[in-house]
Amino acid sequence: MAFLLKSTPDPLSLASALPDVRSASHIFLPINDCRNPAIPEGGSHWSLLVVGVRDRVAFHYDSLAPANYTEARMVVHKLQPLLGVQLRLQNIDDTPQQDNGSDCGVHVCWAMRHLLVRRLLAVEAEREVDMSLGGKRVDASGVRKDMYKICEGLRKKASRRLGLPLDPPKLFTLDEARGKCGDVGEETVFPLLDSSRTSSGVI
């Protein structure tokens, strides 16, 4: 949704294609820095925009600040006509910062879960919510393991519903995959969520 908004000159032309979010309390929008819709899987950085519709404030959480500030501002500008309100963009300066060039997606997933479960759903509807992340620390490795457990739980649930085997797919190293399938490029092998096994994949 965020990329579609950024790429469309007239955001009102998207009204029939997008869900009507005017009655929502908050909208969670992952932001990517890709600006060319013709490039599949473009961009190199993710951040999180949380729009408080009732309060008319958009909170931007960037683990590599201020890398995606311009992109967040573009999305806010395009979202305003669809909501029918003016939004104030607030960059959250105390967002935990990543210590490498690859954990931005992990930080976005952590922030979404923390803000939704620990903040927005933990208070009564009319109470003011603190949207800062001051003093928080992200254990990227731990978040990856949590993500893997969630994905495995959803996979097993779907397997039960469809009558499929519950055993996880067999894991191969890239060299093993090439031995079984011939010349397999890295782009065709799905990486595991566990960063300690970046040479492994699922075939």
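Q: What does it take for two strands to pair?
A: Two strands pair if DSSP finds at least two bridges between them. Strands (E, at least two residues) and helices (H or I, at least four) are DSSP runs, numbered from the N terminus. In this structure, a predicted model, strand E3 (residues 57-61) and E4 run parallel and are joined by four bridges.

Q: What is the order of the strands in the open sheet?
A: The order is E1-E2-E3-E4, in an open sheet of four strands with mixed pairing. Strand E1 (26-32) and strand E4 (88-91) are the edge strands, each pairing on one side only.

Q: Which strands does helix H2 lie across?
A: Contact means heavy atoms within 4.5 Å. Axes are lines fitted to C-alpha atoms, for helices over the stretch in contact, and angles run from 0 to 180 degrees between N-to-C directions. Helix H2 (residues 69-83) lies across E1, strand E2 (46-52), E3 and E4, at about 140° to E1. Helix H3 (residues 104-119) packs on the sheet, touching E1, E2 and E3, and its direction makes about 25° with that of E2.

Q: How many disulfides are found?
A: A disulfide is a covalent bond between the sulfur atoms of two cysteines; the criterion is a pair of cysteine sulfur atoms within 2.5 Å. A search of the whole structure finds zero. The sulfur of Cys151 has its closest cysteine sulfur in Cys109, 8.8 Å away, which is too far for a bond.

Definitions and conventions: Residues are numbered from 1 along each chain as its sequence is written. This is a predicted model: local features need pLDDT of at least 70, side-chain atom pairs count only at pLDDT 80 or more; totals for chains, interfaces and linings use all residues. Side-chain values use heavy atoms; hydrogens and water are left out.
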